[in-house]
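Please look at the chain as a whole before turning to its parts, which are grouped by topic below.

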Amino acid sequence: MQLVFDGHNDVLLRLWRNAKSGSDPVAEFMQGTYEGHIDAPRAKAGGLAGGICAIYIPSGDLILQEPDASGHYVTPLAAPLERQPSLDIALEKAAIALRLDQAGGWKLCRSTADIRKAMEDGVFAAVLHMEGCEAIAADLDALDVFYAAGLRSLGPVWSRHNIFGHGVPFAYPMSPDTAPGLTDAGFELVKRCNQLGILVDLAHITEKGFWDVAKTTDQPLIASHSNVHALTPVARNLTDKQMDAIKESKGLVGLNYAVTMLRPDARDDANTPLSLMVQHIDYMVERMGIDCVALGSDFDGATIPAEIRDAKGNNNLVAALKSAGYADQDLAKICRENWLRVLAQAWHEPA
């Protein structure tokens, strides 16, 4: 069984929501649950050794649109969020991450050495990420505080606009070139991330924003949970030109397990075969090379194929890739080594 370090999950969202109803998020993760996709027992059973765990502020007004007779849909962007309530929620989620670390439920990792040690010890290796920076003001003071608390990755935007830039809608078929890119504050955010050693994630940003980051950052270009636009033309997926730039920067794309980003018809249907996941991986490997392809499940944030179901079934995808001809050394790169390489570079670790 290949150990997997996964590029994106929303387990903190699920734990936070359940905590609001009175449950203990530490116990839920450590002891296991039947809800959602990730907890410690299911992760261990499925070889999910760690991942990038998102602080995401939910949008209450976002309702995914049903496809029309042609199968097309456009979900309007969620409204921008106010800063103070977003900061409150972000701090609550960061507190859950820290309490899990203190309780031994997972290891909050600040270096690739931390990740490898946690994997060796059989402890879930968690990297703290911010998905959309509504909790941070233009002065970036809060960014330094979150960094001190363990934040090592962020996406300037989710699929909504904020003071740093513009996000793409959930829409099919649609180009990712839907709105402007980074604002002046967004350029400063990217520069500060480069200084601190925080990975900049391009998973939800517009195409113009992608190119704005590309001309500003000193990091490899990363799209943590995105797929191939040529196969599934949703606005969230990457064009060939974007993948070419990721290859040139020696970055990576993490395969998103969300069925709406895998299926040619972009429907929200869990009866989606693993062969479509392999097809997206094959395309990315052919376009960018084996060193630029990884996994970014979106566990606890999307409908995923029924053949995987949750973290316990994660190695079913690995088995499908092996059956498709991927050698063990290539699987090791896709499953964890490519992520560890780009994280080491973004975090200013010595070569």
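A residue is called buried when its relative accessible area is under 20%, exposed when it is over 50%, and partly exposed in between, using a 1.4 Å probe and counting protein chains only. By that rule, 59% of the 351 residues of the chain are buried. The model is predicted, so local features need pLDDT of at least 70 and side-chain atom pairs count only at pLDDT 80 or more, whereas totals for chains, interfaces and linings use all residues. Residues are numbered from 1 along each chain as its sequence is written, and side-chain values use heavy atoms, with hydrogens and water left out.

**The chain as a whole**

- The chain contains 12 helices and 11 strands, where helices (H or I, at least four residues) and strands (E, at least two) are DSSP runs numbered from the N terminus.
- A compact globule with 351 residues would have a radius of gyration near 20 Å, and the 18 Å of the chain agrees with this; the radius is taken over C-alpha atoms, and the globule rule is 2.2 Å times the number of residues to the power 0.38.
- Along its principal axes, the C-alpha trace spans about 45 × 45 × 45 Å.
- A contact means heavy atoms within 4.5 Å, and among the contacts in the chain with a separation of 6 or more, 73% are accounted for by residues 24 or more positions apart.
- The accessible surface comes to about 13300 Å², of which 52% belongs to carbon and sulfur atoms; such areas come from the Shrake-Rupley method with a 1.4 Å probe, and for residues only the protein chains shown count as cover.

**The sheet of S9, S10 and S11**

- Two strands are said to pair if DSSP finds at least two bridges between them, and on this basis three strands form an open sheet in the order S9-S10-S11, with parallel pairing.
- The edge strands, each pairing on one side only, are S9 (222–223) and S11 (293–295).
- S9 and S10 run parallel and are joined by two bridges, and Ala223 has Val253 in S10 as its bridge partner.
- S10 (residues 252–255) pairs with S11 in the parallel sense over three bridges, with Leu255 standing opposite Leu295 in S11.
- In a regular strand the side chains alternate between the two faces of the sheet.

- S5 (residues 125–131) and S6 pair in the parallel sense over four bridges, and the bridge partner of Glu131 in S6 is Gly155.
- S6 (residues 151–155) is mostly covered, as five of its five residues are buried.
- Met130 lies in S5 and is buried, with a relative accessible area of 2%.
- Leaving aside neighbours within four places in sequence, Met130 is in contact with several residues, among them Ile55, Ala90, Phe146, Leu151 and Gly155.
- Met130 and Ile57 are 73 residues apart in sequence, yet they are 9.0 Å apart in space, C-alpha to C-alpha.

**Helix H1 and its surroundings**

- Seven of the 10 residues of helix H1 (residues 11–20) are buried, so H1 is largely enclosed by the rest of the structure.
- The buried residues of H1 include Leu12, Leu15 and Trp16, and the elements that the buried residues pack against include strand S1 (4–9), helix H4 (83–103) and S5.
- Just after H1, Gly22 takes a positive phi of about 105°.

**Individual residues to look up**

- Trp211 lies in helix H8 (residues 207–214) and counts as partly exposed because its relative accessibility is 27%.
- Not counting residues up to four places away in sequence, Trp211 touches Lys241, Gln242 and Ala245.
- A cis peptide bond, with omega about -15°, joins Tyr172 and Pro173, and Pro173 lies in the loop between strand S7 (170–172) and helix H7 (184–196).
- Lys250 is not a glycine but has a positive phi of about 60°; Lys250 lies in the loop between helix H9 (240–248) and S10, and counts as exposed at 54% relative accessibility.
- His348, found in the segment after helix H12 (328–346), also has a positive phi, of about 65°, although it is not a glycine, and counts as partly exposed at 44% relative accessibility.
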